[in-house]
Amino acid sequence: MYYYFAITVYQPPPWWKRYITRGQIIQFQTSFILALPFFVLDYYKTRVLKGEGCEGRGAVYFNAAFNFSLLLLFINFSRKTYRDKDAQTKKD
């Protein structure tokens, strides 16, 4: 992604810009899928077993909320940038 930013400084955006955005969206979705076992185990340990949660669970929940906001931003960007462009191309 940083390579993309570096080359757009000197020339127009490359043809693979859309794929960078899709890759970021997949990255954030993957982070949620991989965090699911932690959420399930944390719920089981704290609610079912009435034990204490992990020490870093606040950071995990904060990171999940932050990633969710980034996921929404990337989806919104993708819709505005690519879907509108595709719809305009089909009209012409």
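**Helix α2 and its surroundings**

Helix α2 comprises 32 residues and spans 46 Å from its first C-alpha to its last, close to the 46 Å expected at 1.5 Å a residue. Helices here are DSSP runs of H or I with at least four residues, numbered from the N terminus, and the expected span is 1.5 Å times one less than the number of residues. The model is predicted: local features need pLDDT of at least 70, side-chain atom pairs count only at pLDDT 80 or more, and totals for chains, interfaces and linings use all residues. Residues are numbered from 1 along each chain as its sequence is written, and side-chain values use heavy atoms, leaving out hydrogens and water.

At A35, shortly before the proline P37, α2 has a kink of about 35°; the bend is the angle between axes fitted to the seven residues ending at a residue and the seven starting there. A35 is also among the buried residues of α2, which include F28, F39 and D42. Buried denotes under 20% relative accessible area, exposed over 50%, and partly exposed in between (1.4 Å probe, protein chains only).

D42 counts as buried because its relative accessible area is 6%. Its side chain meets that of R57 in a salt bridge at 3.8 Å, N to O, the criterion being a side-chain nitrogen of Lys or Arg within 4 Å of a carboxyl oxygen of Asp or Glu. The pair joins distant parts of the chain, with R57 in α3 and D42 in α2, 15 residues apart. R57 has a relative accessible area of 28% and is therefore partly exposed.

Beyond α2, L49 lies in the loop between α2 (17–48) and α3 (57–91). L49 is classed as exposed because its relative accessibility is 54%. Just after α2, K50 adopts a positive phi of about 55°.

How values were computed
Helices (H or I, at least four residues) and strands (E, at least two) are DSSP runs, numbered from the N terminus.
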